[in-house]
Amino acid sequence: MGIHLGNGMMVSAGDPIKYANIHSSYWQKYLSGFGRLSK
């Protein structure tokens with residue numbers, strides 16, 4: 001799980017918490033989707 005920051009970056013809620021590029025080979029394999037929360 002993570003929070004998308006824009007420009008292909010996200011904060012990964014793993015251990016440790018870190019910035020991650022959603023275009024990396026790891027996230028290309030495991031990212032299942034993302035969306036926007038409604039107000």
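## Report on a predicted β-β-β-α chain

From the N terminus on, the elements of the protein chain follow the order β-β-β-α, that is, three strands and one helix, where helices (H or I, at least four residues) and strands (E, at least two) are DSSP runs numbered from the N terminus. This is a predicted model, in which local features need pLDDT of at least 70 and side-chain atom pairs count only at pLDDT 80 or more, while totals for chains, interfaces and linings use all residues. Residues are numbered from 1 along each chain as its sequence is written, and side-chain values use heavy atoms, with hydrogens and water left out.

Confidence is given as pLDDT, the predictor's confidence in each residue, from 0 to 100; the chain mean is 89, and 100% of the residues reach 70 or more.

| Strand | Mean pLDDT |
|---|---|
| E1 (lowest) | 89 |
| E3, residues 18–21 (highest) | 94 |

The C-alpha trace spans about 30 × 20 × 15 Å along its principal axes. Of the 39 residues, 15% are buried, meaning under 20% relative accessible area, with exposed over 50% and partly exposed in between (1.4 Å probe, protein chains only). The accessible surface, from the Shrake-Rupley method with a 1.4 Å probe, comes to about 3700 Å², of which 56% belongs to carbon and sulfur atoms.

Leu-5 lies in strand E1 (residues 2–6) and is partly exposed, at a relative accessible area of 48%. Among contacts (heavy atoms within 4.5 Å) between residues at least 6 apart in sequence, 0% join residues at least 24 apart.
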